[in-house]
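Colleague: Could you go through this model with me, one question at a time?

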Amino acid sequence: MVVAAKKTSQVITHMAIAFIIAYALTGSVMFSGLAIIIEPVINVLLLPFHEKAWAAIRARARSERERYARLAAEKISQTAMHMAVAFAVIYCATGSLAFGGIAAILEPVCNVLLLPIHDRFWDRLEVRVAGQHGAA
């Protein structure tokens, strides 16, 4: 039950970050709400193609070290894809390269900074809940 709540909370946190950034840049509640739907949908549609391409690249690795290097490159590529989508959504909404660029940088940075804090909270809660069930 805690795992499902944690995943739901992760999605809500991610969407809240996107909403706040979109609202700060556009001043529109309606667009910001739409952006938090459009951006994840585009990412979800693109991600399988990205993963398939990188699976083929990783499969050609000849050593463990090369496999890790390709995995790191995949994660960097995935981050770049996410940034490009955030840029495109805000650029289409505002017509501003500057606002698109700000969104492309701010959203991943906020996620990298805030989601680990979020996950640590939920991990501690999960341990406490498991401890209470073990003591009962």
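Predicted model: local features only at pLDDT ≥ 70, side-chain atom pairs only at ≥ 80, totals over all residues.

Modeller: Residues are numbered from 1 along each chain as its sequence is written, and side-chain values use heavy atoms, with hydrogens and water left out.

Colleague: What kind of aromatic pair do Phe19 and Tyr23 form?

Modeller: Rings of Phe, Tyr and Trp (its six-membered ring) pair if their centres lie within 6.5 Å; planes under 30 degrees apart count as stacked, over 60 as edge-to-face and the rest as tilted. A search of the whole structure finds three aromatic pairs. For Phe19 and Tyr23 the centres are 6.2 Å apart with 5° between the planes, and the pair is stacked.

Colleague: How far apart in helix α1 are Phe19 and Tyr23?

Modeller: Helices (H or I, at least four residues) and strands (E, at least two) are DSSP runs, numbered from the N terminus. Because Phe19 and Tyr23 are four residues apart in helix α1, their separation is about one helical turn.

Colleague: Why is the pair of Phe121 and Trp122 edge-to-face?

Modeller: The ring centres of Phe121 and Trp122 are 5.7 Å apart. The planes stand at 85°, so the pair is edge-to-face.

Colleague: Which residue lies over the face of Tyr68?

Modeller: A charge sits over a ring if NZ of Lys or CZ of Arg is within 6 Å of the ring centre and within 35 degrees of the ring normal. At 4.9 Å from the ring centre of Tyr68, the residue over its face is Arg67.

Colleague: What distance separates the end C-alpha atoms of α3?

Modeller: The expected span of a helix is 1.5 Å times one less than its number of residues. The 31 residues of α3 should therefore span 45 Å, and the end C-alpha atoms agree with this, at 45 Å.

Colleague: Which residue with positive phi follows α1?

Modeller: α1 has 25 residues and reaches 35 Å from its first C-alpha to its last, close to the 36 Å expected. The residue that follows α1 has a phi near 75° and is Gly27.

Colleague: How much space lies in the largest cavity?

Modeller: On a 1 Å grid over the protein atoms alone, a cavity is a set of points where a 1.4 Å probe fits but cannot get out, and a pocket is an open set with protein on both sides within 12 Å along at least five of seven lines; lining residues have an atom within 4 Å of a point. Grid points are joined across faces, edges and corners, and a volume is the space filled by probe spheres set on the points. The whole structure holds one cavity of 30 Å³ or more. The space in the largest cavity is about 100 Å³.

Colleague: Which residues lie nearest the centre of the largest pocket?

Modeller: The largest pocket holds about 540 Å³ of space. α1, α2, α3 and α4 each supply at least two residues of its lining. Of the 19 lining residues, those nearest the centre are His14, Asn43, Gln78, His82 and Asn111.
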